[in-house]
Amino acid sequence: MIYNHLIRLGYEVTVGQLQAGEIDFVCSKPDGSRAYIQASYIIMDDATRQREFGNLHSIKDNYPKYVISMTPLVSKTDDNGVTHLHLRRFLKDGLE
């Protein structure tokens with residue numbers, strides 16, 4: 001669902017590889033903009049949070065980084081430069 005919506009928003013979507021792990025979606029547009037996205041069903045514990053946010057924290061460039069999940073009651077929040085979005089909000093508003 002996230003992949004299809006990113007394509008609809010005009011992104012070219014690939015999978016990213018890091019030395020320590022994988023980034024679910026590396027999204028780029030012809031204008032040079034880029035974003036990194038991790039997808040998770042629900043983030044309920046610190047191990048899951050570290051797995052989803054940790055790979056994004058290890059990327060040292062200034063492109064936007066997002067975790068998209070169905071975690072209940074999450075609103076748009078920031079975790080050290082990584083934005084956590086609820087899936088419904090992403091589908092409604094995109095990466096804004």
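Trainee: Which residues does glutamine 38 touch, not counting residues up to four places away in sequence?
Mentor: Contact here means heavy atoms within 4.5 Å. This is a predicted model, where local features need pLDDT of at least 70, side-chain atom pairs count only at pLDDT 80 or more, and totals for chains, interfaces and linings use all residues. Residues are numbered from 1 along each chain as its sequence is written, and side-chain values use heavy atoms, with hydrogens and water left out. The residues touched are Glu22, Ile23, Asp24, Arg51, Glu52, Asn55, Leu56, Tyr66, Val67 and Ile68.

Trainee: Is glutamine 38 buried or exposed?
Mentor: Glutamine 38 lies in strand S3, residues 34–40; strands (E, at least two residues) and helices (H or I, at least four) are DSSP runs, numbered from the N terminus. Buried means under 20% relative accessible area, exposed over 50%, and partly exposed in between, with a 1.4 Å probe and protein chains only. Because its relative accessibility is 3%, glutamine 38 counts as buried.

Trainee: Good to know! How many bridges join S3 to S4?
Mentor: Two strands pair if DSSP finds at least two bridges between them. S3 and S4 run parallel, and serine 40 has serine 69 of S4 as its bridge partner. The number of bridges joining S3 to S4 is five.

Trainee: Why is strand S4 described as largely enclosed by the rest of the structure?
Mentor: Lys65, Val67 and Ser69 point one way from S4, while Tyr66 and Ile68 point the other way. S4 (residues 65–69) is largely enclosed because, of its five residues, the number buried is five.
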